[in-house]
Amino acid sequence: MEPPPSPGPERLFDSHRLPGDGFLLLALLLYAPVGFCLLVLRVFLGIHVFLVSCALPDGVLRRFVVRTMCAVLGLVARQEDSGLRDHRVRVLISNHVTPFDHNIVNLLTSCSTPLLNSPPSFVCWSRGFMEMDGRGELVESLKRFCASTRLPPTPLLLFPEEEATNGREGLLRFSSWPFSIQDVVQPLTLRVQRPLVSVTVSDASWVSELLWSLFVPFTVYQVRWLRPVHRQLGEGSEEFSFRVQQLVAKELGQRGTQLTPADKAEHMKRQRHPRLRPQSAQSSFPPSPGPSPDVQLATLAQRVKEVLPHVPLGVIQRDLGMRKGRLTTGCVDLTITNLLEGAVTFMPEDITERTQALPTASTPKAFDACLMMMTSQAL
C-alpha cells in the first residue's frame, strides 16, 4: 500500500481568516461586540504585561506572573511531559505555527530565539527576540552563544521551518543550519487551538495576528516535550534535520513535507492573482502517457502566448525551460505571474502587425487574446 501523498501548500497555509461554515460565521458576528470590548481592554492590560516583563528579572517568579497575566489576555500556555525537559541541552527545536511561539515557550522555560533576516531594533527586542551582534555568520554567533559558560545557561529555541504553517496538515522541510550548532537537540511539539477564526493566515503581519489573538475569547498553546535526540556517528546536518522532522511530524500526527519557505512565497504569489486561475484551468490538457518534453514545452508556451500576446515566444519558452523536467499546468500560472510582476524582462512585440497578418478565421481568437491581455494589465 502506497503512503498518502504529502500535502500541498494550499493545505499548509490558510488564506482566509473568517470561517467558511455559515453557523460559525453567524456565531462570530454575534460575538463581535464582545470581542471588540475585550480587544480594547486587553490592549491596555497588555501594556502592563509588557512593563512587568521588562521590570522583573528572568526567573521562576517572572514566568509565573507573566504567564498568569497572559492567561487574562486569552493566551493560555500548557505543557505535557515536562519531566522530559533536559536542562543540559542548549538547542530546542519546535514546529512553527504563530509569530508568538517563542513567547509562549519562554513562559514555560527560559530560552532565547534569534530573529532571522532582521537587524537589531527596538521592535526586535520588544517582541522577545535575541539581538545578534551582527559579526560573522549567524551559525558561528549561535555556536559562541551556546559555548558560553554563563550561569544559568540559556538554551536556544529555533524553528527550522523558518515560516509558520496552520499547524494542521504537515511540516515544512527543516533547514539544516540549526542542527549544525550542536550534536544534541531537544525537540518539542506545539499545537495551537483557537475558536471561531483561523489560528494564522499566510500573508498576515504579526500586528494583525496580535490583534486577532486579543479579539478572540482565548488561544490555547499546547507544548509537549520530547526526549533529546543525538547526532548519530557520521550523520550530516541534512540527515539529522530530516530525522528530527519526521519525529516531530509523527508526534503531531502530521506529515513531513519537502516544501520550503520559497514554496510558500510562490503560493502567495498565486493567491494575489486569482483571476488568472480560470484561464489556466481552460488551458489545462488531459495527461497523456508520453508527450516529449519539447512538445510539452511548446504547448505550454503557446498557452501563455494566448494570454499575453505581446510577450515574445522565446522569452516564454526560456522562463518555462527553467522548470524543464517538471513541467505542469501550474508552470503556466507561475510564468504569467512572473511576466506580469516584471520578474522577467522582455521587449514587447508589435501586436498590430501580427493581428493584421492573421487569417480572417482567426480574428475572433486574436480579439479575445487582446481583450484578455488588457484585462490582465488592468489587474
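A polar contact is a pair of N or O atoms within 3.5 Å; within protein, one must be able to donate a hydrogen and the other to accept it, and residues adjacent in sequence count only if both atoms are side-chain atoms. Here is one to look for: a polar contact of 2.8 Å joins the side chains of Glu162 and Trp177. You are looking at a predicted model, where local features need pLDDT of at least 70 and side-chain atom pairs count only at pLDDT 80 or more, while totals for chains, interfaces and linings use all residues. Residues are numbered from 1 along each chain as its sequence is written, and side-chain values use heavy atoms, leaving out hydrogens and water.

**The whole chain**

- The protein chain has 15 helices and 8 strands; helices (H or I, at least four residues) and strands (E, at least two) are DSSP runs, numbered from the N terminus.
- Of its 379 residues, 43% count as buried; buried means under 20% relative accessible area, exposed over 50%, and partly exposed in between (1.4 Å probe, protein chains only).

**Around Glu162**

- Glu162 sits in the loop between β3 (156-158) and β4 (170-171), and at 32% relative accessibility this residue counts as partly exposed.
- Leaving out residues up to four places away in sequence, Glu162 touches His96, Leu116, Ser175, Trp177 and Pro261, where contact means heavy atoms within 4.5 Å.
- The C-alpha atoms of Glu162 and Phe174 are separated by 8.1 Å, and the two residues are 12 apart along the chain.

**The nonpolar cores**

- A nonpolar core is a set of buried Ala, Val, Leu, Ile, Met, Phe, Trp, Tyr and Cys residues joined through side-chain atoms within 4.5 Å.
- The largest one has 26 residues, and Leu157, Leu188, Tyr221 and Val223 have the most contacts inside it.
- Two or more residues of this core come from each of α2 (22-55), α3 (60-72), β1 (75-80), α4 (101-108), β5 (184-193) and β6 (219-225), with α4 giving the most, 4 residues.
- Apart from this core lies another, of 21 residues, among them Leu158, Ile181, Val229 and Ala249.

**Leu157 and Thr113**

- Beyond residues up to four places away in sequence, Leu157 touches several others, including Leu92, His102, Thr113 and Leu188.
- Thr113 is found in the loop between α4 and α5 and is buried, with a relative accessible area of 4%.
- A polar atom of the Thr113 side chain lies 3.0 Å from the backbone oxygen of Leu157.

**Salt bridges**

- A salt bridge is a side-chain nitrogen of Lys or Arg within 4 Å of a carboxyl oxygen of Asp or Glu, and by this rule the count comes to 13.
- One of them joins the side chains of Glu169 and Arg11 (2.8 Å, N to O).
- Glu169 lies in the loop between β3 and β4 and Arg11 in helix α1 (residues 9-12), so this pair ties together parts that are 158 residues apart in sequence.
- Another joins the side chains of Arg224 and Glu251 (3.4 Å, N to O); Arg224 is in strand β6 and Glu251 in helix α8 (residues 237-252), 27 residues apart.
- Glu235 and Arg243 also meet through their side chains (2.9 Å, N to O); Glu235 is buried, with a relative accessible area of 13%, whereas Arg243 counts as partly exposed at 27% relative accessibility.
- Salt bridges that share partners join Asp58, Arg62 and Arg63 into one network.
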